Amino acid sequence: MSDSTPRGTRIAHLGIAVSSLEGVLPFYRDILGLPETPLDDADGARIVGLVAGESLVELLEPDQSDSPIGKFLAKRGPGIHHVCFAVDDLDATLARCKAHGVQLIDATPRIGAEGKRIAFLHPRSTAGVLIELSEY
Ligand code: ZN
């Protein structure tokens, strides 16, 4: 449901892999003072959203060890898992990525934790950063 006025690509959220939401939440919520916002769980992860201005911080705790976040934690430990950019036209951006040989994890958009259409790009094509694209 995007309107036609271009707003420009912006950082929608940072996804941070954590082994325990309860252990990490007090730092972001109480010490840094980021208000919590409800988000749906997705991709085998429990997700807490925190509002940081126009962007969110998403804390991602694995539900199962074989989920994407569970595997990331096992391999790399806690830390930044992905950066999500909101774009004006997700389908056009994905088409541009494809045309330029960017490796797509999701060839077609699906519904993410904020209920918006999203698609992931492979870190191999993006300087080692897992990138999620989202509709506004
Ligand atoms: Zn995300």
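Arg110 is partly exposed in this predicted model, with a relative accessible area of 29%. Its salt-bridge partner is Asp43, and the closest N and O atoms of the two are 3.1 Å apart. Asp43 lies in the loop between strand 2 and strand 3, whereas Arg110 belongs to strand 6 (residues 110-111), so the pair ties together parts that are 67 residues apart in sequence. Asp43 is partly exposed as well, at 39% relative accessible area.

In the whole structure, 9 salt bridges are found. The table lists three of them.

| Salt bridge | N to O distance |
|---|---|
| Asp43 and Arg110 | 3.1 Å |
| Arg46 and Glu61 | 2.6 Å |
| Asp30 and Arg29 | 2.9 Å |

The side chains of Arg46 and Glu61 meet in a salt bridge. This pair links distant parts of the chain, with Arg46 in strand 3 and Glu61 in strand 4, 15 residues apart. Salt bridges with shared partners join Glu22, Arg46 and Glu61 into one network. Glu61 is buried, with a relative accessible area of 8%, while Arg46 is partly exposed at 30%.

A nonpolar patch on the surface is formed by Phe27, Ile31 and Leu32, which together have about 320 Å² of accessible area. Leu32 is located in the loop between helix 1 (21-31) and strand 2 (36-37).

The largest pocket has a volume of about 700 Å³. Its lining comprises 34 residues, of which Ile69, His81, His82, Phe120 and Leu130 are the closest to its centre. Helix 2 gives the largest share of this lining, 6 residues. By type, the lining residues are 16 nonpolar, 8 polar and 10 charged.

Definitions and conventions:
Residues are numbered from 1 along each chain as its sequence is written. This is a predicted model: local features need pLDDT of at least 70, side-chain atom pairs count only at pLDDT 80 or more; totals for chains, interfaces and linings use all residues. Side-chain values use heavy atoms; hydrogens and water are left out. Patches are made of residues with over 30% relative accessible area and no salt bridge: like charges are joined within 9 Å, nonpolar side chains (Val, Leu, Ile, Met, Phe, Trp, Tyr) within 5 Å. Accessible areas come from the Shrake-Rupley method with a 1.4 Å probe; for residues, only the protein chains shown count as cover. A salt bridge is a side-chain nitrogen of Lys or Arg within 4 Å of a carboxyl oxygen of Asp or Glu. Helices (H or I, at least four residues) and strands (E, at least two) are DSSP runs, numbered from the N terminus. On a 1 Å grid over the protein atoms alone, a cavity is a set of points where a 1.4 Å probe fits but cannot get out, and a pocket is an open set with protein on both sides within 12 Å along at least five of seven lines; lining residues have an atom within 4 Å of a point. Grid points are joined across faces, edges and corners, and a volume is the space filled by probe spheres set on the points. Ala, Val, Leu, Ile, Met, Phe, Trp, Tyr, Cys and Pro count as nonpolar, Asp, Glu, Lys and Arg as charged, and the others, Gly among them, as polar. Buried means under 20% relative accessible area, exposed over 50%, partly exposed in between (1.4 Å probe, protein chains only).
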